[in-house]
Amino acid sequence: MKKFLQRAFAGFIAACACIGAAQAAGDDWPAKPITFVVPFTPGGITDNFSRPFSRLLGNKLGQPVIVDNRPGAGGSIGVEWASRQPPDGYTMIYGTSGTHAANLALYNNIRYDPVKDFVPVHGLSNTPLILVINPSRPFKTVPELIAYAKAHPGQLNFGSAGAGTGTHLTAELFQAAAGIKMTHVPYKGSNPALTDLMGGNLDLMFDYPSVVMPFVQAGRLKPLVVTSKERLTAAPDIPTVGELGFPNAESTAWSAVFLPAKTPPAIAKRLGDAIAQVVVDPEMLRITEKFGSMPLKDLRDDKLSEFVKTEMVRWREIIQQSGAKLN
């Protein structure tokens with residue numbers, strides 16, 4: 001009995017020491033620059049969002065937040081690398097609906113678990129997509145497009161920024177909701193796809209507001225519908241998929257900050273509190289609106305974890321139904 005009590009007491013002391021160490025880590029953190037792993041190429045929407053965000057976050061934390069672009073496999077390469085870094089709060093991860101949901105069903109070799117390998121911290125933004133067509137096409141509305149697609153199965157072709165990207169999967173979701181079949185033409189990025197769309201080599205495409213709206217305003221593309229639940233403030237005349245009778249086609253590209261698993265809770269909380277202030281900072285709100293996005297103000301901690309689990313199931317079903325698969 002005496003030995004049992006001694007072991008129990010020793011365990012209690014060890015547990016207290018661990019808690020104390022975690023609290024101390026949170027008190028001292030951050031004591032040096034923080035690396036923000038953005039698993040996509042420089043110059044894109046993700047990168048253009050993450051850099052001002054990092055600057056504002058660094059101002060809040062009192063240490064620089066340095067963007068580290070590590071692209072590849074739809075963001076999975078950078079995320080996997082980041083998940084294996086020391087859980088000391090000095091490696092932040094830019095996670096998305098691709099890296100933490102869709103990629104698991106798209107790729108055969110994902111070597112991380114979106115739930116077990118990460119500490120969920122705080123949401124960043126939610127971005128819908130707009131369906132745009134070449135203005136010369138015979139259909140001018142979504143009902144006309146669907147009727148045309150049903151009369152000509154497989155003949156309409158839609159472009160994307162690449163297989164497995166949000167621009168691809170959103171179109172797959174729309175096809176399933178509308179009961180139509182079109183032909184997918186993947187590109188290496190949005191720009192060449194949009195060039196072909198405007199040149200008449202494609203019929204339609206889903207892409208992000210900040211990408212397509214300049215061409216819409218110039219009259220080179222015609223918008224038919226937006227995939228958000230509510231109309232865009234910057235483009236209030238574009239109806240939503242729900243308004244047109246396809247709420248199951250609602251789709252947004254979300255982003256959030258994660259830390260490697262086992263990062264002390266005190267660090268995760270302090271980081272989450274700082275991000276909560278940054279996402280509503282007036283400068284960040286202007287940037288978010290510029291991209292046609294909405295800030296994720298209340299998605300953090302356990303709520304973010306449950307959201308990721310739901311998204312994993314949702315996108316797995318969509319991808320399985322579409323037959324999309326990448327090596």
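Are α7 and α8 roughly parallel or roughly antiparallel to each other? The model examined here is predicted. In it, helix α7 (residues 190-198) packs with helix α8 (residues 209-217) at an angle of about 25°. Angles under 35 degrees count as roughly parallel, and α7 and α8 are therefore roughly parallel to each other.

**Packing of α7 and α8**

- The axes of α7 and α8 lie 12 Å apart, and the crossing of these helices is right-handed.
- On the α7 side, the contact is made by Ser190, Leu194 and Met198; on the α8 side, Val211, Val212 and Phe215 take part.
- By class, the residues of this contact between α7 and α8 comprise five nonpolar, one polar and no charged.

**Packing of α4 and α11**

- Helix α4 (residues 98-106) packs with α11 at an angle of about 35°, and their axes are 8 Å apart.
- The crossing of α4 and α11 is right-handed.
- The residues of the contact of α4 with α11 are divided into nine nonpolar, one polar and two charged.

**The second largest pocket**

- The second largest pocket holds about 430 Å³ of space.
- Its lining consists of 17 residues, and those nearest the centre of the pocket are Asn126, Ser228, Lys229, Glu250 and Thr252.
- Two or more lining residues come from each of β10 (252-260), β11 (294-295) and α11 (301-322).
- Helix α11, which also packs with α4, gives the most to the lining of this pocket, with three residues.
- The lining of the second largest pocket is made up of six nonpolar, six polar and five charged residues.

- Aspartate 117 sits in the loop between α4 and β4 (118-128).
- In sequence, aspartate 117 and lysine 262 are 145 residues apart, while in space their C-alpha atoms are 8.5 Å apart.
- When neighbours within four places in sequence are left aside, the contacts of aspartate 117 are Ser83, Arg84, Tyr112, Leu259, Pro260 and Ala261.

Technical notes. Residues are numbered from 1 along each chain as its sequence is written. This is a predicted model: local features need pLDDT of at least 70, side-chain atom pairs count only at pLDDT 80 or more; totals for chains, interfaces and linings use all residues. Side-chain values use heavy atoms; hydrogens and water are left out. Axes are lines fitted to C-alpha atoms, for helices over the stretch in contact, and angles run from 0 to 180 degrees between N-to-C directions. Helices (H or I, at least four residues) and strands (E, at least two) are DSSP runs, numbered from the N terminus. Angles under 35 degrees count as roughly parallel, over 145 as roughly antiparallel, 65 to 115 as roughly perpendicular and the rest as oblique. A crossing is left-handed if the near helix is turned anticlockwise from the far one by less than a right angle, and right-handed if clockwise. Contact means heavy atoms within 4.5 Å. Ala, Val, Leu, Ile, Met, Phe, Trp, Tyr, Cys and Pro count as nonpolar, Asp, Glu, Lys and Arg as charged, and the others, Gly among them, as polar. On a 1 Å grid over the protein atoms alone, a cavity is a set of points where a 1.4 Å probe fits but cannot get out, and a pocket is an open set with protein on both sides within 12 Å along at least five of seven lines; lining residues have an atom within 4 Å of a point. Grid points are joined across faces, edges and corners, and a volume is the space filled by probe spheres set on the points.
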